[in-house]
Amino acid sequence: MAEVRFKAVGKTFGQVKAVRDFFLDIADGEFIVLVGPSGCGKSTLLRLAAGLEEISSGEIYIGDRLVNDVHPSARDVAMVFQNYALYPQMTVYQNMSFCLEMRRVSQNQIKDKVRGAARLLGLEHLLERKPRQLSGGQRQRVALGRAIVRNPRVFLFDEPLSNLDAKLRIAMRAELLDLHQRLKTTTIYVTHDQLEAMTMGDRIVVLKDGVMQQADSPQHVYDHPVNMFVAGFIGAPAMNFLDCEIMGEKGEFRASTANAEFKLPRDKAAKAEAYLGRRAVLGLRPEHIDDAAGGRQVEPGSTFKGSVWVVEPVGSEKIVHVRCGEDVIVARLDPYVTCRPGDMTEFRIRSEHLHLFDQESGLTIF
Ligand code: ATP
């Protein structure tokens, strides 16, 4: 096991700056998820750590060793790819033992290591099969097994679950976490799926255009996103953003949108006051909106009216798109709420969860 440190790491491909000035200290045994939209530089970072790409600037350390010029095979990392990259002509046993054979490990040790990994992954009965005789999930497990037998100091995962169907992906997600709890190997995991990032990472690192936006625990990133990009990327359906003007006095501030007025939390008054009379962007998560007809008392300044546009029942909840003037606000409601397209309805928001952003910079005000 090992710590991994990225120090001012940059990578350019011709004119493209794939990674810019990236700093990150990963603790021994930590599970870090790099997440962001396509092209944000997450695979490049992983490939730099693996030594599959040459670094343009900065330093990468694995343990105490500067690895910038260390050959991939000598970095003591194991990478698992999206497409598994198994050898089709070899059996499961041979796929898992191949790298140990290359290192001239004794046959007895190889047998022990492969059988140990196969036991850990539930592959014991499949060792003589070829990859084409396996399901997608079983192939992914073999790819994992191949990484495990090497007993690396760091696991590098590049979207390892994205070829699996939804049900298997959830099952494998749990298996990977269970494996991490048992092996405690430092792990860097790349995904574009924010739900995967939230559920798996000790910390998640959100990237945009090669630049780190935020690195923190999933809950902290969800509760306290640093800017509108992170706020919109983490959480599904995405946070609603509404242009507003900040109004009020004496510790009571409101965000006035084109069609509604929302009271801002009292404990955020100082921050709101700094924007008095100015325009800003209000952030409202779909899960912090309820149907106001629910019988609970409604405080003034915590509701909006809108016309139901689209209703998506998904069993456990209803995703409702509401037209509120020019704005469309998405709400996650109780599945048993009755609402139909065209209904004029009142919705209640949980003011304590409101977010506010600077309109120009997109940075978080609170
Ligand atoms: P995805 O989720 O689509 O895999 P990503 O976040 O992993 O995206 P990278 O593959 O790291 O993104 O790519 C980051 C940027 O660098 C992109 O603009 C990409 O086009 C560019 N890039 C990556 N590899 C190369 C290369 N070998 N040559 C030129 N440009 C590259």
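**Pockets and ligand shell**

User: By class, what lines the largest pocket?
Analyst: The lining has 14 nonpolar, one polar and three charged residues, where Ala, Val, Leu, Ile, Met, Phe, Trp, Tyr, Cys and Pro count as nonpolar, Asp, Glu, Lys and Arg as charged, and the others, Gly among them, as polar. This is a predicted model, in which local features need pLDDT of at least 70 and side-chain atom pairs pLDDT 80 or more, while totals for chains, interfaces and linings use all residues. Residues are numbered from 1 along each chain as its sequence is written, and side-chain values use heavy atoms, without hydrogens and water.

User: Which residues sit nearest its centre?
Analyst: Of the 18 lining residues, Val77, Ala78, Met79, Cys99 and Arg150 lie nearest the centre of the largest pocket; a pocket is an open set of points on a 1 Å grid over the protein atoms alone, reached by a 1.4 Å probe, with protein on both sides within 12 Å along at least five of seven lines, and lining residues have an atom within 4 Å of a point.

User: Switching to the ligand, which side chain or backbone atoms come up against its oxygens?
Analyst: A polar side-chain atom of Thr44 lies 2.5 Å from a ligand oxygen, an N or O atom in the side chain of Ser38 is 2.6 Å from one, and a polar backbone atom of Gly39 is 2.8 Å from one.

Key. Polar contact = N/O pair within 3.5 Å; in protein donor to acceptor, adjacent residues only side chain to side chain.
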